[in-house]
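Keep the viewer open while you read.

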Amino acid sequence: MLAPITALASLLFFSTGAGASTLSTTTAGGNGAAGAMFDVSASTDLTISALTSYSYSAASGGCAYEIYTTTSTLSSVLQTPSAWSLIASGTTAALTAGGSWGVTLSSPIAMTSGSRRAFYVVFPSCTVQYTNGTTVGAVYSSNADMSIYEGYGRSYSATFTGSTFSPRVWNGTITYETCAVPTTWYRDADSDGYGVSTTSQSACSQPVGYVATSTDCDDASATDNPGASETIGNGDDENCDGAETCYLDSDNDGYRPDTTSTLASTDADCSDSREAVSTDPTTDCDDADVGDNPSASEITGNGDDENCDGAETCYDDDDDDGWLDTSGDTRASADTDCADANEGTNLDNTRDCDDNNAAANPAQTEICDGANTDEDCDSLADDNDTSATGQSTWYADSDSDGYGNRSVSTLLCDVPSGYVADSTDCADTSAAIN
């Protein structure tokens, strides 16, 4: 079994920090196999961030690759799979014979001064380029920071049992930086100085396009980062605090009551209940009533300004008796209720038979009067209305002498023909006696 995988992800087109250095062997080629194995030693604390290798043969469809490392030296672990850790794998682009391909390690390899480790670069189905050497373990290339040693070529075997060829010199370049512990840098795609935690790179010095912070909540927008000022009610969490301050729309009708009322959202948008954005209109005249806003239809005579135009259409009650006539006549109110003079509401009773007379409506009592007014609006007046009150007693005046007979009388509003108000005639058959 191989050792646990420490870093499988890698980039074929790689960038390095501004302080990166390199150490190369040779590009002479002349030989190749599925893999090349070699030792590296450090003369100072350093971090290996990338390797560039060469293909011995062309591969138009690219080649799958694997890169392994171990803290042991080659001679002790040539056939010990468990000693090796896979640190990169993937597929190259199309390759030409002698063409190079580079891999940036997603988790760079740190080496302390005086340490030594081995690398194994493998093309399972293609051929890695190397050059015949002189002695396994001999230093082939070195500088003040590190040395690369002659090693082995190897045919592919997933169990590390493939044939070995020695001595062989891996053709390639190691990119490194001199530090013991690399810094984790985070991708800053929008160049606002804040990176995202999902894309990172370890390096001793800062790579281009990367920063040290990982607190950006939207790396596609330079205006969204922890240092930005929050804009109220735009549904965008500019300052990356995970919340948004929204404008208020208490009745959720799409209209705000003013330009200043706000509430704190429980998330980063402004689409929840009672939340509004800056583009919502600010012309709601009653933010507690979803039925009142500029797009609502006005209801006549209910004392409510539904369409928020600052006025109300009321019913006519010209005599202010609380009863409306049956015509449904209306009038424009000077305010938003229907409580002023001559105004009626849709709750007021109808059937006022005389809207110019407050004493005439269905709630009134019919009263005998000289004008025969229909006070109770039942279409009957005075003697034609059996409910009338205030009738007078009239006495028969058979002899037309102006004096009536007490024994013959009637109770009516209006004096009937042949009757008088007097009741003192003692002989109603003789006009000469009274």
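C217 and C240 form a disulfide, with their sulfur atoms 2.1 Å apart; the term covers a pair of cysteine sulfur atoms within 2.5 Å. The model is predicted: local features need pLDDT of at least 70 and side-chain atom pairs count only at pLDDT 80 or more, while totals for chains, interfaces and linings use all residues. Residues are numbered from 1 along each chain as its sequence is written, and side-chain values use heavy atoms, with hydrogens and water left out.

**Disulfide C217–C240**

- The torsion about the S-S bond of C217 and C240 is about -75°, so this disulfide is left-handed.
- C217 and C240 are both in the loop between β18 (210-211) and β19 (245-248), so the pair ties together parts that are 23 residues apart in sequence. Strands here are DSSP runs (E, at least two residues), numbered from the N terminus.
- C217 is partly exposed, at 41% relative accessible area, whereas C240 is buried at 18%. Buried means under 20% relative accessible area, exposed over 50%, and partly exposed in between (1.4 Å probe, protein chains only).

**Other disulfides**

- How many disulfides does a search of the whole structure find? The search finds eight.
- A disulfide is a covalent bond between the sulfur atoms of two cysteines.
- C314 and C338 form a disulfide with an S to S distance of 2.2 Å. The torsion about their S-S bond is about -90°, so the disulfide is left-handed.
- C314 sits in strand β22 (residues 313-316) and C338 in the loop between β23 (330-332) and β24 (343-344), so the bond ties together parts that are 24 residues apart in sequence.
- C314 is buried, with a relative accessible area of 0%. C338 is buried too, at 7%.
- C353 is joined to C377, their sulfur atoms 2.0 Å apart. The S-S torsion of C353 and C377 is about -70°, so the disulfide is left-handed.
- Both C353 and C377 lie in the loop between β24 and β25 (392-396), so the pair ties together parts that are 24 residues apart in sequence.
- C353 is partly exposed at 44% relative accessibility, while C377 is buried at 11%.

**Nonpolar cores**

- The largest nonpolar core has 32 residues, of which F38, V40 and I48 touch the most other members. Strand β8 (residues 100-111) gives the most to this core, with five residues.
- A nonpolar core is a set of buried Ala, Val, Leu, Ile, Met, Phe, Trp, Tyr and Cys residues joined through side-chain atoms within 4.5 Å.
- F38 touches residues including L51, F119, V121, I148, W170 and I174, not counting residues up to four places away in sequence. Contact means heavy atoms within 4.5 Å.
- In soluble globular proteins, nonpolar side chains tend to be buried together.

**Strand β15**

- Six of the six residues of strand β15 (residues 172-177) are buried, so the strand is largely enclosed by the rest of the structure.
- Which residues cover the two faces of β15? G172, I174 and Y176 lie on one side and T173, T175 and E177 on the other, all buried.
- Strand β2 (residues 21-24) runs antiparallel to β15, joined by four bridges. T22 stands opposite T175 in β15.
- Strand β5 (residues 46-54) pairs with β15 in the antiparallel sense over six bridges. The bridge partner of I48 in β15 is Y176.
- Two strands pair if DSSP finds at least two bridges between them.
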